[in-house]
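Subject: Structure handover and notes

Dear colleague,

I am passing a structure on to you, together with some notes that you can read beside it. Please open it first and keep it in view while you go through the text.

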Amino acid sequence: MQRLKINQDIKPLSEVRIGIANFIKQVHNTKRPLIITQHGKSVAVLIDADEYESMQEKIELLTDVQTSLNQLEKGEGIDHEDAREKVLKRVFK
């Protein structure tokens, strides 16, 4: 995802309502999110569908990494050789 440009990527809801098609096109072309404000406060984010999917995949990966780290801290991990043996047994079954 591209970095937000404050002067281009923050718009009031009233402006978004009028030109939603243009803002969808902008988000798709720039790969930058659009922050939508209401009464001067951010209330929503418009993001490209592919960028959203990419973010979800990254979140899933980071969640898996955190789960693994938590398991290792609890002593639930196995050493490299044991893991290797288990994988090889499954592959050559």
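This is a predicted model: local features need pLDDT of at least 70, side-chain atom pairs count only at pLDDT 80 or more; totals for chains, interfaces and linings use all residues.

Residues are numbered from 1 along each chain as its sequence is written, and side-chain values use heavy atoms, with hydrogens and water left out.

The structure holds three salt bridges, a salt bridge being a side-chain nitrogen of Lys or Arg within 4 Å of a carboxyl oxygen of Asp or Glu. In one of them Asp9 pairs with Arg32, and their closest N and O atoms are 2.5 Å apart. Asp9 belongs to helix H1 (residues 6–9) and Arg32 to the loop between helix H3 (20–30) and strand S2 (34–38), so this pair ties together parts that are 23 residues apart in sequence. Helices (H or I, at least four residues) and strands (E, at least two) are DSSP runs, numbered from the N terminus. Asp9 is buried at a relative accessible area of 0%, and Arg32 is buried at 9%; here buried means under 20% relative accessible area, exposed over 50%, and partly exposed in between, with a 1.4 Å probe and protein chains only.

Asp48 forms a salt bridge with Lys31, with the closest N and O atoms 3.6 Å apart. This pair links distant parts of the chain, since Asp48 sits in the loop between strand S3 (41–46) and helix H4 (49–73) and Lys31 in the loop between H3 and S2, 17 residues apart. Asp48 counts as buried at 7% relative accessibility, whereas Lys31 is partly exposed at 26%.

Glu15 forms a salt bridge with Lys11, the closest N and O atoms being 3.7 Å apart. Glu15 is partly exposed, with a relative accessible area of 36%, while Lys11, at 15%, is buried.

Which residues does Lys11 touch, not counting those up to four places away in sequence? Lys11, which lies in strand S1 (residues 10–12), touches Val16, Phe23, Leu34, Ile35, Ile36 and Thr37, where contact means heavy atoms within 4.5 Å.

Finally, Leu61 has its place in helix H4, and at 54% relative accessibility Leu61 counts as exposed.
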